[in-house]
Amino acid sequence: MTHWLDAFVPVFGLLALGALLRRQLLRDDTIWAGIEKLVFWVLLPSLIVTALANMRLADLPVGGLAGTIWGALLAGTAISLVLARGLRAGHPAMTSILQGGIRFNNLMGFAIAGAIWGPAGIALCAICTGLIVPMVQTITTLAFALGGEGRVRPMRLLRQVLLNPLIIACALGFALSLLGGLPPGLSPTVRVLGQASVALGLLCVGAALTLKGLGDRPLAQAATAVLKLGVVPLITFGLATAFGLAPLPTAIVVMLMALPTAATSYVMARAMGGDAPLMAAITTSEHVVSIITLPLWIWFLGSRM
């Protein structure tokens, strides 16, 4: 019980604290925007680099992880599109359902993995993030583009993926691993920066959540939550079993797929012509429901290790 409390109370506690700070103490949006940029461009990449630089890549089941993750994301995409069609959602609402169905809050994943599985869990999270982000970025960008002017700019899409700081951090981490790790002096600096990412990042996620609009299209919210928090991780578990992944990689990849959607989904919806109110509602409702579903998934995965 103590182990579980140590894993989940800090995660959901920091989300709640972020929401409280946003409404009572730090009400200026520019403050949170600055912290979000710091986390996204500096702190979280530092965590990923530190985790990967100390790993022996030859010992990792990268092929099985890739097959599991990409297969689950493609399945989640297909189901999201079918779900949106069944709900008679227009294109803007479809993009919100899609983001709610396949995107994930990686900061929660790193926090839970570190608390339960330690450095090995964080390193596997970093590898999985490097496999998830390009696929999700490509799918969501295509979804927005095809519903707008109907034209996809391949070079622009490629640039968006390659210049994502998380992708850059994964590439740098892999390179440093092959070279023997971070050099003395630089290693503790990057490690300290990475350690700050989870707490600040979760505070930002909590600050972005809002209870307003939870009554907006409750059927779409509920169906998307079932898909993201139940169906997609179940598909992921089946694929991980089919690919023969060991218990720890299986636990990490299923846990990541069982996370609620990223808080930045709202920003993308607002910037690219999606249904921002529905996206905000889906983001909040998934985080609320995950208070129940995430511990259940972790219990299930732990029972098989």
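## Arg103 and its surroundings

Leaving aside neighbours within four places in sequence, Arg103 is in contact (heavy atoms within 4.5 Å) with Val136, Thr140, Lys228, Leu259, Pro260, Thr261, Ala262, Thr264, Ser265 and Met268. The model is predicted: local features need pLDDT of at least 70, side-chain atom pairs count only at pLDDT 80 or more, and totals for chains, interfaces and linings use all residues. Residues are numbered from 1 along each chain as its sequence is written, and side-chain values use heavy atoms, with hydrogens and water left out.

Arg103 sits in the loop between α4 and α5. Helices here are DSSP runs of H or I with at least four residues, numbered from the N terminus. Arg103 counts as buried because its relative accessibility is 15%. Buried means under 20% relative accessible area, exposed means over 50%, and partly exposed lies in between, with a 1.4 Å probe and protein chains only. Two polar contacts involve the side chain of Arg103. One joins it to the side chain of Gln99 at 2.8 Å. Another joins it to the side chain of Thr264 at 3.0 Å. A polar contact is a pair of N or O atoms within 3.5 Å; within protein, one must be able to donate a hydrogen and the other to accept it, and residues adjacent in sequence count only if both atoms are side-chain atoms. Arg103 and Gln137 are 34 residues apart along the chain, and their C-alpha atoms are separated by 9.0 Å.

## Helix α4

Of the 12 residues in α4, 10 are buried. Among them are Gln99, Gly100 and Gly101. The end C-alpha atoms of α4 are 17 Å apart, which agrees with the 16 Å that its 12 residues should span at 1.5 Å a residue. The expected span is 1.5 Å times one less than the number of residues.

Gly274 lies in the loop between α11 and α12. Gly274 and Ala93 are 181 residues apart in sequence, yet 6.5 Å apart in space, C-alpha to C-alpha. Ala93 is one of the buried residues of α4. Neighbours within four places aside, Gly274 is in contact with Pro92, Thr95, Phe144 and Ala269. Gly274 is buried because its relative accessible area is 18%.

Thr224 belongs to helix α9, residues 218-242. Thr224 counts as buried because its relative accessibility is 0%. Residues up to four places away in sequence aside, Thr224 touches Leu83, Ile97, Gly100, Gly101, Ile282 and Glu286. Ile97, Gly100 and Gly101 are among the buried residues of α4.

Thr283 is found in helix α12. Thr283 is buried, as its relative accessible area is 4%. With residues up to four places away not counted, Thr283 touches Leu209, Thr261, Ala262, Ala263 and Ser265. Thr261, Ala262 and Ser265 are also on the contact list of Arg103.

## The largest pocket

The largest pocket has a volume of about 1,800 Å³. The lining holds 50 residues, and Glu36, Ala263, Thr264, Val267 and Met268 lie nearest the pocket centre. Elements giving two or more residues to this lining include α1 (2-24), α2 (29-53), α5 (106-147), α7 (165-179) and α12 (276-303). α2 gives the most, with nine residues. The lining divides into 29 nonpolar, 12 polar and nine charged residues. Ala, Val, Leu, Ile, Met, Phe, Trp, Tyr, Cys and Pro count as nonpolar, Asp, Glu, Lys and Arg as charged, and the others, Gly among them, as polar.

The pocket is found on a 1 Å grid over the protein atoms alone: an open set of points where a 1.4 Å probe fits, with protein on both sides within 12 Å along at least five of seven lines. Lining residues have an atom within 4 Å of a point. Grid points are joined across faces, edges and corners, and the volume is the space filled by probe spheres set on the points.

## Helix α7 and its ends

α7 has 15 residues and reaches 21 Å from its first C-alpha to its last, close to the 21 Å expected at 1.5 Å a residue. Its buried residues include Pro165, Leu166, Ala169, Cys170 and Gly173. Asn164 caps the N-terminal end of α7, with a side-chain oxygen 2.9 Å from the backbone nitrogen of Leu166. Gly180 follows α7 and has a positive phi near 105 degrees.

## Positive phi at two arginines

Arg88 is found in the loop between α3 (62-86) and α4 (91-102). Phi of Arg88 is near 55 degrees, positive in a residue other than glycine. Arg88 counts as exposed because its relative accessibility is 80%.

Arg217 lies in the loop between α8 and α9. Phi of Arg217 is positive too, near 50 degrees. Arg217 is partly exposed, with a relative accessible area of 35%.
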